[in-house]
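Subject: Structure handover

Hello,

Here is the structure I promised, with notes to follow. Please open it alongside this email.

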Amino acid sequence: MSVLVVGLSHRTAPVALLERVSVSGDALAKLLHAVQQDACVSEAMVVSTCNRVEIYAEVDRFHAAVTAISELLGIHSGVPMEQLSNHLYVHYEDRAVEHLFSVGSGLDSMVLGEGQILGQVRSALKLAQEEGTLGPTLNELVQQALRVGKRSHAETGIDRAGASLVGVGLTLAERVLGPIQGRRALVVGAGSMSALSAATLQRAGVTDIVVVNRTHERAVRLAQQVDGRAAEFGDLARELAQADLVISCTGATDVVITADMVTAREMFFLDLALPHDVDPAVRQLPGVTLVDLESMQDGAADADTDDGGRAEAVTAVRAIVADEVAAYLSAERAARVTPTVVALRSKAANVVEAELGRLVARVPELDGRVRDEVTQTIRRVVDKLLHEPTVRVKQLAESPAGDHYAEALRELFDLDPKVPRAVRSIERTDAETGKKEVGR
């Protein structure tokens, strides 16, 4: 079985298409199960964010799995394959591991080094665990990716080199409005991204923050965290009329802020939602600036250029990812051969015990001390004979073609590594006694 990634991101697809492909809620759970139930897939996890939709799977057939997963993504997103296929990318085995570690480290994000992706990967992992579509392979891989991401952020300046989406948005807002301290900010929504937005505004020195959300209680809780004020969702138009800076990120499927709700004057809208919260027609209003995820692709790059140490941080994180990928693959390949080594030694032990039993049966008068010495001698001989091949096969297993050596051992000794404690018995008729013996 091997790990496969099929997906699309801001690097390969326009935001408009990502918006259509993005899946959440019940649709995400249904996609998870549909992928995992495919004949060539044993485990599945889906990372679906505003910047990417990626399906991770453990598969036993590459081409069949790519076709099946791509078609399922099209079916569950409602996007025809002819529109989807040109934007999909595929990573397999070693490249799949490297890709996930890079994603977790923020190297593949729209805004370099943004830390939100770690939470998004963690949420994808949790959902797959809850839905029962995850197994040991993907679970360990994703857990390791989260550790690599944490290490990258802790040991390098990648956080400073690439600001968060909200930070970049505020940088762009200041280019339009000037200093945002003293401005009134309106946050629409009360989810994790909205909470991050409100906290970022507070750290930037904004003291007049209003939170609007369909569930008023959640708006109140978020407003209290940033010393702001909560307003009813029905008062959204009135709050818009008094706001200078608006950040919107809800889970709505239709636009929340329409053009007729906005007064033509100097205002800055930051739309972080997918699908869009703010009607694009707002851009046509005099004095109004609207920045969404699509327009941020260029703006984020400009914002990052001003940060010192960007190239150095990227180089450092790439080195960490390369080291971690090599270590993971080495350990993973070694682990694959372990059941075969255990099975070989188990079979050898069974053979030794069977032969010692035959010896005792044929020579019952054998002195106990002599019998113990014979037993130890036979075991030492077998251990010495097996030592070199088992050590070598573990070493060779760390190479890209390591599976072939384990396979050779299984073939030569007729081993079943799935039951190392009770290696497959080989029954044959002894030519001399006519009796069936086990382990010969």
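**Backbone and loops**

E93 sits in the loop between β4 (89–92) and α5 (94–104). Bear in mind that the model is predicted. E93 is not a glycine, yet its phi is positive, about 50 degrees. Its relative accessible area is 35%, so E93 is partly exposed.

Just after α5 comes G106, with a positive phi of about 85 degrees.

D227 also has a positive phi without being a glycine, near 55 degrees. Look for D227 in the loop between α11 and β7. D227 counts as exposed, at 61% relative accessibility.

**The sheet**

What is the strand order in the open sheet of 6 strands? It reads β7-β6-β5-β8-β9-β10, and the pairing is parallel. β7 (229–231) and β10 (288–292) are the edge strands; each has a single partner, so one side of each has no neighbour in the sheet. From one strand to the next the twist averages 20 degrees.

β5 and β6 run parallel and are joined by 5 bridges. Here R184 stands opposite D208 in β6. Helix α10 lies across β5, β6 and β8, at about 165 degrees to β5. Helix α11 packs on the sheet as well, touching β6 and β7. The direction of α11 makes about 165 degrees with that of β7.

**The cores**

The largest nonpolar core has 35 residues. Within it, L165, L201, F268, L272 and M296 touch the most other members. Several helices and strands each supply at least two residues, including α10 (192–203), β5 (184–188), β8 (245–248) and α13 (293–305). Which element gives the most to this core? That is α9, with 7 residues.

Leaving out residues up to four places away in sequence, L272 touches V166, M193, S197, I247, S248, C249, L293 and M296.

**Salt bridges**

The count comes to 18 salt bridges.

- R52 and E54: the closest N and O atoms are 3.0 Å apart. R52 is buried, at 2% relative accessibility. E54 is buried too, at 0%.
- R151 and E324: the closest N and O atoms are 2.9 Å apart. R151 is in helix α7 (residues 136–155) and E324 in helix α14 (residues 310–362), so the pair ties together parts 173 residues apart in sequence. R151 is partly exposed, with a relative accessible area of 28%. E324 counts as buried, at 16%.
- E239 and R229: the closest N and O atoms are 3.1 Å apart. E239 is in helix α12 (residues 236–242) and R229 in strand β7, 10 residues apart. E239 is buried, with a relative accessible area of 3%. R229 is partly exposed, at 36%.

Best wishes

Terms used
Residues numbered from 1 in each chain as written. Predicted model: local features only at pLDDT ≥ 70, side-chain atom pairs only at ≥ 80, totals over all residues. Heavy atoms only, no water. Core = buried A, V, L, I, M, F, W, Y, C linked by side-chain atoms within 4.5 Å. Buried < 20%, exposed > 50% of the residue type's maximum accessible area, 1.4 Å probe, protein only. Helix = DSSP H or I, 4+ residues; strand = E, 2+ residues; numbered from the N terminus. Contact = heavy atoms within 4.5 Å. Pairing = 2+ DSSP bridges. Axes fitted to C-alpha atoms, helices over the stretch in contact; angles between N-to-C directions. Salt bridge = Lys/Arg side-chain N within 4 Å of Asp/Glu carboxyl O.
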